[in-house]
Structures are given as structure tokens and as C-alpha cells.
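Work through the exercises below with the sequence and the model side by side. Try each task before you read its solution.

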Amino acid sequence: MVDEILKVEPQIFGSEVQHTPISRKMELWQTIVNRVNAVGHHPLTRDDICKRWNDLRGKARAMASRHHIAVQKTGGGPQPTPPNYTDWEEKLLTILHSEGLTGLIEGMDLGKSSTFTPYTQYL
């Protein structure tokens with residue numbers, strides 16, 4: 001499921017979402033649903049897949065965020081070991097903006113991002 005969504009992520013969630021017609025988005029979602037259901041045991045709807053996608057993203061984001069917070073703590077001692085990310089978690093982290101995982105380092109959030117920094121840079 002993650003691979004199928006990542007193939008079209010810019011068009012359904014990311015940078016191209018505003019320029020992609022609704023009919024094309026629906027077509028892409030139907031393709032994802034068909035491919036997921038072709039290998040699954042229980043048929044899923046678009047809403048089911050969206051929920052699972054959001055849950056997976058949230059889980060990967062939470063793991064990365066907890067690790068980032070642990071690394072930022074002071075007090076000496078050994079560095080915390082990085083989490084053992086699964087393949088799909090690593091794939092998700094490559095598309096998540098670092099600000100969404102770690103917060104803004106300085107300045108104000110104006111709703112604009114001049115650069116995209118995948119979180120994997122910090123792994």
C-alpha cells in the first residue's frame with residue numbers, strides 16, 4: 001500500500017495536488033484501491049486506505065519525533081540509539097518535511113517552505 005501511494009503522492013497529497021484535476025485524483029485512488037485489494041484478503045475502500053495511510057504516517061512521524069527529542073536532550077551520557085525503522089517507515093520519512101517532525105528551529109511559521117528537507121537527512 002505504501003509503495004502504491006508513494007508513486008502518486010505528489011498528485012494526491014503533495015506538491016502537485018492543487019494542479020491535479022479531481023477526476024485524475026479519483027482515478028489514481030481507484031488504481032491504488034484495485035492494487036491493494038488484488039493482494040489483500042479483505043477488500044478495502046478508499047476511506048479505509050486513507051485512514052491506514054494516515055495512521056502509518058502518524059506512527060512513523062511519532063517514532064522519528066521521539067528520537068529527535070531524545071537526541072536533543074542535554075546531560076551527557078551515550079547518544080540514544082536510533083529506532084529500528086521498517087522499510088515502509090523509512091520510505092515515509094523520505095517524504096515528510098523535517099519541520100513537521102521536529103518543529104521549527106527558529107523564526108516564524110508563515111505557511112511557506114522555501115526548501116524541502118526530508119527527515120532522513122537527520123538519521
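Predicted model: local features only at pLDDT ≥ 70, side-chain atom pairs only at ≥ 80, totals over all residues.

**Exercise 1. Find which parts of the chain the salt bridge between Asp3 and Lys91 ties together.**

Solution. 
- Step 1: check the pair. The Asp3 and Lys91 side chains form a salt bridge, with 2.6 Å from N to O. The cut-off is 4 Å.
- Step 2: Asp3 sits in helix α1 (residues 2-12) and Lys91 in helix α4 (residues 87-95), so the bridge joins parts 88 residues apart in sequence.
- Step 3: Asp3 is partly exposed at 40% relative accessibility. Lys91 is also partly exposed, at 33%.
- Step 4: The structure has seven salt bridges.

**Exercise 2. Determine which residues are linked with Glu4 in a network of salt bridges.**

Solution. 
- Step 1: start with one partner. Glu4 and Arg35 form a salt bridge, and their closest N and O atoms are 3.0 Å apart.
- Step 2: Glu4 is buried, with a relative accessible area of 17%. The cut-off for buried is under 20%. Arg35 is partly exposed at 43%.
- Step 3: Salt bridges link Glu4, Lys7 and Arg35.

**Exercise 3. Work out how Asp55 and Lys51 are placed along helix α3.**

Solution. 
- Step 1: confirm the contact. A salt bridge joins the side chains of Asp55 and Lys51, at 3.0 Å from N to O.
- Step 2: count along the helix. Both residues lie in helix α3 (residues 46-72), four residues apart, so about one helical turn separates them.
- Step 3: apply the general rule. An α-helix has 3.6 residues a turn, so residues three or four places apart point the same way.
- Step 4: Asp55 is partly exposed at 42% relative accessibility. Lys51 counts as exposed, at 51%.

**Exercise 4. Show how the buried residues of α2 are arranged around its axis, and name what they pack against.**

Solution. 
- Step 1: describe the helix. α2 has 18 residues. From first to last C-alpha, α2 reaches 26 Å, close to the 26 Å expected at 1.5 Å a residue.
- Step 2: list the buried residues. In α2 they are Lys25, Leu28, Trp29, Ile32, Val33 and Val36.
- Step 3: find their side. They cover an arc of only 140° around the axis, so they lie on the same side of α2.
- Step 4: look at the other face. The face turned away from the buried side of α2 carries the exposed residues Ser23 and Ala38.
- Step 5: find the packing partners. The buried residues of α2 pack against α1 and α3.

**Exercise 5. Identify which element gives the most residues to the largest nonpolar core.**

Solution. 
- Step 1: find the core. The largest nonpolar core has 20 residues. Those with the most contacts inside this core are Ile5, Ile12, Trp29, Ile32, Ile49 and Leu93.
- Step 2: find the contributors. Two or more residues come from each of α1, α2, α3 and α4.
- Step 3: pick the top one. α3 gives the most, with six residues.
- Step 4: zoom in on one residue. Neighbours within four places in sequence aside, Ile12 contacts Ile5, Val17, Lys25, Leu28, Trp29 and Ile32.

**Exercise 6. Classify the two aromatic pairs of the structure, and name the cluster they belong to.**

Solution. 
- Step 1: take Phe13 with Trp29. The structure holds two aromatic pairs. Phe13 and Trp29 make an edge-to-face pair, with 5.8 Å centre to centre and 85° between the planes.
- Step 2: Phe13 is in the loop between α1 and α2, and Trp29 is in helix α2, 16 residues apart.
- Step 3: Phe13 is partly exposed at 32% relative accessibility. Trp29 is buried at 4%.
- Step 4: take Phe13 with Trp53. This pair is stacked, with 6.0 Å centre to centre and 5° between the planes. Trp53 lies in helix α3, 40 residues from Phe13. Trp53 is buried, with a relative accessible area of 0%.
- Step 5: join the pairs. Phe13, Trp29 and Trp53 form one aromatic cluster.

Key:
Residues numbered from 1 in each chain as written. Heavy atoms only, no water. Buried < 20%, exposed > 50% of the residue type's maximum accessible area, 1.4 Å probe, protein only. Expected span 1.5 Å × (residues − 1). Arc of directions from axis to C-beta. Contact = heavy atoms within 4.5 Å. Core = buried A, V, L, I, M, F, W, Y, C linked by side-chain atoms within 4.5 Å. Phe/Tyr/Trp six-rings, centres within 6.5 Å; stacked < 30°, edge-to-face > 60°.
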